[in-house]
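The sequence and structure come first.

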Amino acid sequence: MRSPFFQNHLELKAKMVDFHGWEMPLQYSGIIDEHKNVRENVGLFDVSHMGRFKIKGDAESQIQKLITNDITKIGDKQSIYSPMCNEKGGIIDDIIVSRINSNEFLIIVNSSNIKKDFDWISGNIQSCEFQNITNDSALLALQGPKAINILKDMKVEQIENLKSFHLLEVKIDDVDCIISRTGYTGEDGFEILFDSKNVQIWKNLLEVGRKYGIKPVGLGARDTLRLETGLMLYGNDIDETVTPLEATLKWTVKFETEFIGKAALETKKVERKLRGFEIESKRIARKNNKVYDGQKEIGIVTSGGFSPTLNKPIGYCFVPVDYPLEREIMIDIGGKLYDTKLTSTRFYKK
Amino acid sequence: MEDRKFTKEHEWVEKVDQIIIIGITEFAQDQLGDIVSIELPKVGSSFKQNEAMAIIDSVKASSDIYSPVDGEITETNEKLLEQPELINQSPNEEGWILKMKPNNPEQLDSLLSKEQYNNLVGQSKE
């Protein structure tokens, strides 16, 4: 599949990659360069591969059953992040639910899970209109400390007053858009949804952003940015064999609400925990590298990469729940053990 | 650079008197993307042909550098430890990786010519 901006990526000479069946840009100028530019200036991401569903009707209480977080905590034009669990408490997906109004909701899901989520949600929602709008819409992310300047210059009404996880229905260059102040980078930023025929928005954002040093950013830097920030990647850190309590998502589980998987999460003992690690020796650990304490295998790496901000290898791994931060462990990279210690998964904070 | 030989593992090999200089090709550095660290072998250590002797970590992946022939390491490019990005910037010159003394210089004859290597990457680009 191709995003509406496929031609733009080719024009920019992006290195393209297959991502769950989507031909997406991996990088343009280089992962480290793009990463740093998002931290310092602003970057534009095509995230049109993310799944987008619309639900119309009396859906709030039905959506609540699908997510571990508390949907009643958000009002109109607000969004909430949440895992969506199966009966065993395993994570089917991590999603963002936006409440447009009491009768209309938007759900953003991971591209790898579009079909699975669509089937799961439609099987659990009654008497509502439920629609997959992924292919009719476009989704861009504008991320970085200068993202706000660009939307201000484009005369987007009320953009300065938009709070985090709130959204606006406004026009950009006469195109109807839904702008939410959300992202996957640890920086201030926006995600912009609009009809897929308005591809000119990509070029317009780059044009207006030029004086702020904007650069297009591919999936490579999207991964390093989220990794530094402690954000989960579905398929790496979380999947149906992982519960939100084992991942760093305890804050999203609201036991005072009713949701699928609640009983399992209340009763199942948490035996492992996702932690961060830093490696001093510069070798990069990768997904599925084994974690050791002395001779004993104690866990597994779920994500590993290079942190351009810290200039060292970082990652996340599962270890027994009683292993504290700062505990020294070893990671097997290519048959050799490397010393490392457990850290928070938040390597970068603004 | 005229007489360089190449391996299927995307290394270039240049013979200068009794030793060979080894680096990775422009194609390889482009595929790897930003290189952030390298692990070099000890000078004096010996490797068999096709044995892994160094490891390059890029933001995207880890890859081994294989010995093109049987031989002994005579020198490594220590500059790369502080500036691994030299491999991206100048894979053919400043970003050379190591030097070896081949035990059996005839093994070099089995490596790819420039033309053969270009055909190889032309195909794997597809």
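In chain A, strand β5 and strand β6 (residues 91-101) pair in the antiparallel sense, and eight bridges join them. One of the residues involved is Ser79(A), whose bridge partner in β6(A) is Ser98(A). The model is a predicted one.

The two strands belong to an open sheet of five strands with antiparallel pairing, in the order β5-β6-β7-β4-β8 of chain A. At the edges stand β5 (78-85) and β8 (129-132) of chain A; each has a single partner strand, so one side of each is left without a neighbour in the sheet. Direction ignored, neighbouring strands of this sheet are turned against each other by 25° on average.

## Chain A as a whole

Chain A has eight helices and 19 strands. Its radius of gyration is 20 Å, close to the 20 Å from the globule rule for 350 residues, so chain A is as compact as a globular protein of that length. The C-alpha trace of chain A spans about 65 × 45 × 35 Å along its principal axes.

Buried residues come to 46% of the 350 residues of chain A. Taking the contacts in chain A with a separation of 6 or more, 67% are between residues 24 or more positions apart.

## Domains of chain A

The domain assignment divides chain A into domain 1 (6-47 + 135-228), domain 2 (52-134) and domain 3 (271-343). Between the C-alpha centres of domain 1 and domain 3 of chain A the distance is 32 Å.

How many residues of domain 1 of chain A are in contact with domain 3 of chain A? Eight residues of domain 1 are, and they meet seven residues of domain 3. On the domain 1 side, α2 (31-40) and α7 of chain A each supply at least two residues. The residues on that side of domain 1 are two nonpolar, two polar and four charged.

## Helix α7 of chain A

Helix α7, residues 219-229 of chain A, is mostly covered, with nine of its 11 residues buried. The buried residues in α7(A) are Leu219(A), Gly220(A), Ala221(A), Arg222(A), Asp223(A), Thr224(A), Leu225(A), Leu227(A) and Glu228(A).

## Chain B

Chain B contains four helices and nine strands. Read from the N terminus, its elements follow the order β-β-β-α-β-β-β-β-β-α-α-β-α. The radius of gyration of chain B is 13 Å, close to the 14 Å that the globule rule gives for 126 residues, so chain B is as compact as a globular protein of that length.

Along the principal axes, the C-alpha atoms of chain B fill a box of roughly 35 × 35 × 25 Å. Of the 126 residues in chain B, 39% are buried. For contacts in chain B between residues at least 6 apart in sequence, the share joining residues at least 24 apart is 61%.

## Contact between the chains

The contact takes 13 residues from chain A and 10 residues from chain B. On the side of chain B that touches chain A, the elements giving two or more residues are β4 (35-39) and β6 (52-58) of chain B. The largest share of that side, three residues, comes from β4(B).

By residue class, the side of chain B that touches chain A has three nonpolar, three polar and four charged residues.

Conventions:
Residues are numbered from 1 along each chain as its sequence is written. Chains are lettered from A and ligands numbered from 1 in the order in which they are written. This is a predicted model: local features need pLDDT of at least 70, side-chain atom pairs count only at pLDDT 80 or more; totals for chains, interfaces and linings use all residues. The radius of gyration is taken over C-alpha atoms; the globule rule is 2.2 Å times the number of residues to the power 0.38. A residue is buried if 20 or more other C-beta atoms lie within 10 Å of its own, exposed if 12 or fewer, and partly exposed in between; C-beta atoms are placed from the backbone. Two residues are in contact if their C-beta atoms, placed from the backbone, lie within 7 Å. Ala, Val, Leu, Ile, Met, Phe, Trp, Tyr, Cys and Pro count as nonpolar, Asp, Glu, Lys and Arg as charged, and the others, Gly among them, as polar. Domain bounds come from an automatic or database domain assignment. Two strands pair if DSSP finds at least two bridges between them. Axes are lines fitted to C-alpha atoms, for helices over the stretch in contact, and angles run from 0 to 180 degrees between N-to-C directions.
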